[in-house]
Amino acid sequence: MELRQLRYFVSVAEEANFTRAAQRLHLAQPGLSAQIRQLERELGQPLLDRSGRTVTLTAAGAAVLPYAQSALAAAQQISFTVDEFTGLLRGQVRIGLISGAATEEFDVATVLSAFHRDHPQVGITLTEDTTERMLAALTHGELDIALVGLTGAELDERLAVDVVFETRLAAAVARDDHEFGSRIALAELRERSLICLPRGTGIRGVLERCCAAAGFTPRIEFEAAAPPLLVQLAAGGLGIAVVPALGAAQAEAAGVRMIEITDPAMHGQLGLVWRSDRPAAPAAKVLLGQLRIALGRRKAAHR
């Protein structure tokens with residue numbers, strides 16, 4: 001029995017699918033299947049039921065799974081302990097960012113640059129994706145840290161979050177559009193053409209949750225990956241963009257007019273998220289601490 005076989009078994013059990021598990025492990029599916037069958041032969045019992053549309057655990061598999069997870073966690077902790085004992089940071093830290101997060105306002109690049117100078121043996125991998133997919137990657141162990149937009153929905157209990165930014169969401173319309181005054185109730189957007197971030201992002205999640213509570217589904221006509229492009233689309237008269245509120249000078253420069261959304265007011269939040277149910281690699285722990293300090297200072301400066 002090998003640790004890698006246990007890792008393969010745990011991945012298939014968590015994904016309930018050989019194809020997804022193989023993609024997650026960056027393996028060919030036939031090789032993954034062969035390794036798990038070898039593990040089952042060594043143990044003398046089938047661990048997975050492959051007869052249905054999804055892969056499920058057999059009784060033996062369900063009994064073995066927590067021990068396999070514990071064995072993998074223990075092996076990882078051995079490596080972490082040795083690294084901490086020697087004072088050497090090494091390995092790889094995988095970070096996820098929502099699109100457009102690495103700006104001057106959220107100067108993640110400076111934090112990463114300083115960390116790399118201090119710890120050149122640590123590799124850093126950056127991924128841009130939606131909040132939904134990054135939260136899934138965190139729970140599956142595919143990311144160590146993520147800066148995500150929060151929707152207000154409950155997070156997986158295995159995740160911890162530090163809110164580093166909060167802003168009111170508002171409606172942006174073309175500067176010469178005077179159909180509305182300075183305020184608009186959310187219900188008035190029911191039949192309007194809206195411009196928003198794609199599904200799976202924080203702001204889109206906030207909008208959809210609030211509209212559902214008000215009894216309607218928002219009519220999203222245009223999507224873009226970052227708020228500045230949403231504002232540009234609104235300036236072109238393509239609809240009403242739901243975006244973080246801009247100051248008067250920013251709105252004027254962008255060619256839009258900002259309208260406060262009421263009943264209810266909506267707020268967007270950015271949060272640093274990480275797994276809290278198991279020990280983090282020393283490198284990830286140090287980098288997370290530096291990001292929390294840097295982004296925490298920014299939050300304090302804007303209070």
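How many helices and strands are there in the chain? The chain holds 10 helices and 12 strands. The model shown here is predicted, and what follows describes that model.

The chain has 303 residues, of which buried residues make up 41%. Along its principal axes, the C-alpha trace spans about 75 × 50 × 30 Å. A division into two parts is given by a domain assignment: domain 1 covers 3-76, and domain 2 covers 90-302. The C-alpha centres of domain 1 and domain 2 lie 35 Å apart. Of the contacts in the chain with a separation of 6 or more, 75% are between residues 24 or more positions apart.

A walk through the structure can start with helix α1. Helix α1 takes in residues 3-15. For α1 and α3, the axes come within 9 Å and cross at roughly 110°. The two helices are therefore roughly perpendicular to each other, because an angle of 65 to 115 degrees counts as such. On the α1 side, the residues that meet α3 are R4, Q5, L6, Y8, F9 and V12. On the α3 side, their partners are L32, Q35, I36, Q38, L39 and E42. Sorted by class, this contact of α1 with α3 has 7 nonpolar, 3 polar and 2 charged residues.

Helix α3, residues 29-43, also packs with helix α2, residues 18-25. Here the angle is about 105°, and the axes are 9 Å apart. That angle makes α2 roughly perpendicular to α3. From α2, the contact is made by F18, T19, A21, A22 and L25, and from α3 by Q29, L32, S33 and I36. These residues divide into 6 nonpolar, 3 polar and no charged. L32 and I36 of α3 take part in this contact, and L32 and I36 are also listed in the contact with α1.

S11 has its place in helix α1. Is S11 buried or exposed? S11 counts as buried because its relative accessibility is 3%, and the cut-off for buried is under 20%. Apart from neighbours within four places in sequence, S11 is in contact with A21, R24 and L25. A21 and L25 are among the α2 residues in the contact with α3.

Between α1 and α2 there is a loop, and A16 lies in that loop. Most residues other than glycine have a negative phi, and most peptide bonds are trans. A16 has a phi near 55°, a positive value in a residue other than glycine. With 22% relative accessibility, A16 counts as partly exposed.

The next stop is helix α5, residues 108-118, where V108, V111, L112 and F115 are buried. Seen down the axis of α5, the buried residues fall within an arc of 95°, so they line one face of the helix.

The relative accessible area of T130 is 12%, so T130 is buried. Once neighbours within four places in sequence are left aside, T130 is in contact with R199, G200 and T201.

Strand β12, residues 267-275, contains G271. Its relative accessibility is 0%, so G271 counts as buried. Which residues is G271 in contact with, leaving aside its neighbours within four places in sequence? They are A146, L147, V148, L150, V161, D162, V163 and V164. G271 and G149 are 122 residues apart along the chain, and their C-alpha atoms are separated by 6.4 Å.

The last stop is the loop between β11 and β12, where D263 is found. P264 lies in this loop as well, and β11 covers 256-262. A cis peptide bond joins D263 and P264, with omega about 5°. D263 is not a glycine, yet D263 has a positive phi of about 55°. D263 counts as exposed because its relative accessibility is 63%, where the cut-off for exposed is over 50%.

How values were computed
Residues numbered from 1 in each chain as written. Predicted model: local features only at pLDDT ≥ 70, side-chain atom pairs only at ≥ 80, totals over all residues. Heavy atoms only, no water. Buried < 20%, exposed > 50% of the residue type's maximum accessible area, 1.4 Å probe, protein only. Helix = DSSP H or I, 4+ residues; strand = E, 2+ residues; numbered from the N terminus. Arc of directions from axis to C-beta. Axes fitted to C-alpha atoms, helices over the stretch in contact; angles between N-to-C directions. Parallel < 35°, antiparallel > 145°, perpendicular 65-115°, else oblique. Contact = heavy atoms within 4.5 Å. Nonpolar A, V, L, I, M, F, W, Y, C, P; charged D, E, K, R; others polar.
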